Amino acid sequence: MTVVVPLRVERLYRFYRAGDEETLALRGVTFQVDAGEFLAVSGPSGSGKSTLLGCVAGTDEPSGGTVWIAGHRMSHQPAAARARLRGDHLGMLAQERNLFDHLTVAQNLRLAQHLARQNSVDARRLLDELGLAARADSFPSQLSSGETARAGLAVALANDPAILVADEPTGELDEATEEQVLALLGSRAEQGTAVLVSSHSAMVRRAADRVLQLEDGIVQP
Ligand code: ADP
Ligand code: MG
């Protein structure tokens with residue numbers, strides 16, 4: 001039996017050009033994340049973390065190199081194909097919140113499932129797992145910061161993704177909430193999800209199985 005690696009990134013390059021200015025945001029980044037592995041991408045501001053995660057999620061297109069998602073090529077595909085791959089295999093926890101303010105927690109989750117065309121997840125069970133069962137009918141404005149973070153995670157997990165990608169998910173959180181979110185990410189990895197989190201938080205680096213250190217778009221040895 002061949003094992004499909006959830007995420008493989010090969011010699012990834014991303015250049016930005018504005019007039020005579022050229023920024024080399026990623027310069028030959030290679031790594032993979034196995035099923036059940038929690039990988040943290042660390043590095044100073046401007047080192048390329050968000051660019052890398054955007055290329056992985058297919059919201060951005062690399063200048064060179066390849067991203068493989070569950071054995072499918074994500075990079076150098078039309079936007080519609082990337083969106084389909086994302087819906088089928090990937091969950092995203094955005095830096096901003098993942099929730100629509102005018103929808104309840106349960107409605108936000110249902111919308112995410114609808115958009116992903118993937119209804120295999122029992123929404124009630126997922127909310128239960130994240131400690132949100134009693135908050136299903138609450139609106140985002142009625143949630144504590146910890147509940148908001150967990151509700152955002154519920155939306156990211158709505159399609160039971162093979163890969164969970166989060167760009168600085170704990171950047172705005174207090175320590176107790178950060179700890180809660182990291183525990184949930186860790187338990188998700190233990191259940192077999194490949195977890196990729198960018199952060200410059202020491203707590204995230206400690207929670208991860210492995211740390212990829214980025215400097216100026218290059219993985220440090
Ligand atoms: P990080 O997330 O680690 O802070 P980024 O991936 O956001 O780093 O940025 C990496 C580099 O690419 C930075 O020098 C940044 O200024 C540049 N960059 C990011 N996005 C763009 C863009 N859309 N246009 C031009 N330069 C960009
Ligand atoms: Mg960033």
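## Exercises: a ligand shell, a sheet and a pocket

The residues around ligand 1 are Tyr 16, Thr 23, Ala 25, Pro 44, Ser 45, Gly 46, Ser 47, Gly 48, Lys 49, Ser 50 and Thr 51; each has a heavy atom within 4 Å of the ligand. The model is predicted: local features need pLDDT of at least 70, side-chain atom pairs count only at pLDDT 80 or more, and totals for chains, interfaces and linings use all residues. Residues are numbered from 1 along each chain as written, chains are lettered from A and ligands numbered from 1 in written order, and side-chain values use heavy atoms, without hydrogens and water.

**Exercise 1.** Find which elements supply the shell around ligand 1, and sort the shell by class.

*Solution.* 
1. Strand 2 (21–33) and helix 1 (49–57) each supply at least two residues. Helices (H or I, at least four residues) and strands (E, at least two) are DSSP runs, numbered from the N terminus.
2. Helix 1 gives the most, with three residues.
3. The shell has three nonpolar, seven polar and one charged residues. Ala, Val, Leu, Ile, Met, Phe, Trp, Tyr, Cys and Pro count as nonpolar, Asp, Glu, Lys and Arg as charged, and the others, Gly among them, as polar.

**Exercise 2.** Find the distances from oxygen atoms of ligand 1 to polar atoms of Ser 47, Gly 48 and Lys 49.

*Solution.* 
1. Take the backbone. A polar atom of Ser 47 is 3.2 Å from an oxygen atom of ligand 1.
2. For a polar backbone atom of Gly 48, the distance to a ligand 1 oxygen is 3.1 Å.
3. Now the side chain. A polar atom of Lys 49 lies 2.8 Å from an oxygen atom of ligand 1.
4. Turn to cover. Ligand 1 on its own has 560 Å² of accessible area, and the protein covers 58% of that (Shrake-Rupley method, 1.4 Å probe).

**Exercise 3.** Find which helix gives the most to the lining of the largest pocket.

*Solution.* Helix 3 does, with four residues.

Note on methods
Polar contact = N/O pair within 3.5 Å; in protein donor to acceptor, adjacent residues only side chain to side chain.
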